[in-house]
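I set out to look up a few packing and pairing features in this structure, and these are my notes.

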Amino acid sequence: MKILSIQSAVAYGHVGNSAAVFPLQRIGVEVLPVYTVNFSNHTGYGAWRGPLISPDDVRDVITGIEERGVLGEIDAVLSGYQGSEGIGDVIVDAVARVKAANPDAVYACDPVMGNAKSGCFVAPAIPVLLRERVVPVADIITPNQFELGFLTETSPDTLESTLESVDAARAMGPRTVLVTSVERPDAPADTIEMLAVDDAGAWIVQTPRLPMKANGSGDVTAALFTAHYVRTGDAELALRKTVSSVFDLLTRTLESGERELKLVESQDSYANPREQFPVTRVR
């Protein structure tokens, strides 16, 4: 399997491609990483150095890959945080080029916009870009519950309303939706859930809520789910493996007392996920 991953990169820590590439490689995926920024560290620190890479330069890298004649071998295009409208246009164009070379290829979009605690933290143009131009050409999207509501202009807060919002998102184009954090009032305290929906059904899995914020964990989640789903076509299995791997990664990070993901130390959790959480079919 080959994945073209168009995301940010940092020298220190793990977000964007610096979070996604190694777990994918560890499960046997050949990754073609294309960088949209090359920063010293993620912006959550409040200070960072390094360049934004211009949309033209990102497009040039993708054109160079195309000139090697390998776009037809790519099984999936993966994208995360889109820092500008220009990058969004480059990604949409890359998806079109890959699908022209390989009609079976899929596009997995992590529509990064914000979360329930901090609200929307991207430029005002980005949600519009995602809603109107990017998500409609995606096959898989991996929003959190807040982003799902923002995309669909709904307010999901129960399982039923979240499923309705997922249906609204699927009506926009993507057939597969992974909601990476579902919170609802009737769930047990100190738990969080993840929901996967495709044409075959809908499945939910519940894990303990860990007392931490981990930059990059969503990037790992989107990457692993995309790879497992494209490889197997089984949303329930992809959900079970992804949740297990990410929970063990976060647990190891929490136990370390460090801020950055213990990405390398957790590599066996990607290659051999324990699948310790039961998945329930809800539709």
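I began with Val 106, which lies in strand E4; helices (H or I, at least four residues) and strands (E, at least two) are DSSP runs, numbered from the N terminus. This is a predicted model, in which local features need pLDDT of at least 70 and side-chain atom pairs count only at pLDDT 80 or more, while totals for chains, interfaces and linings use all residues. Residues are numbered from 1 along each chain as its sequence is written, and side-chain values use heavy atoms, with hydrogens and water left out.

Leaving out residues up to four places away in sequence, I found that Val 106 touches Asp 75, Ala 76, Val 77, Lys 99, Asp 139, Ile 140 and Val 230, where contact means heavy atoms within 4.5 Å. I also looked up Ser 181, which is 75 residues from Val 106 along the chain, and the C-alpha atoms of the two are separated by 23 Å.

Next I turned to the sheet. Strand E3 (residues 76–79) and strand E4 (residues 106–109) run parallel and are joined by four bridges, and Val 77 stands opposite Tyr 107 in E4. Two strands count as paired if DSSP finds at least two bridges between them.

Axes here are lines fitted to C-alpha atoms, for helices over the stretch in contact, and angles run from 0 to 180 degrees between N-to-C directions.

For helix packing, I took helix H2 (residues 55–67) and helix H3 (residues 85–101), whose axes are 9 Å apart at an angle of about 15°. That makes H2 roughly parallel to H3 (angles under 35 degrees count as roughly parallel, over 145 as roughly antiparallel, 65 to 115 as roughly perpendicular and the rest as oblique). The crossing of H2 and H3 is right-handed, meaning that the near helix is turned clockwise from the far one by less than a right angle. Residues of H2 including Val 58, Ile 62 and Glu 66 meet residues of H3, among them Ile 87, Val 90 and Arg 97. The residues of this contact of H2 with H3 divide into six nonpolar, two polar and four charged (Ala, Val, Leu, Ile, Met, Phe, Trp, Tyr, Cys and Pro count as nonpolar, Asp, Glu, Lys and Arg as charged, and the others, Gly among them, as polar).

On H3 I also noted helix H4 (residues 125–134): the axes of H3 and H4 come within 10 Å and cross at roughly 20°. That makes H3 roughly parallel to H4, and H3 passes H4 in a right-handed crossing. Glu 85, Gly 88, Asp 89 and Val 92 in H3 meet Ala 125, Ile 126, Leu 129, Arg 133 and Val 134 in H4, and the residues of this contact of H3 with H4 divide into five nonpolar, one polar and three charged.
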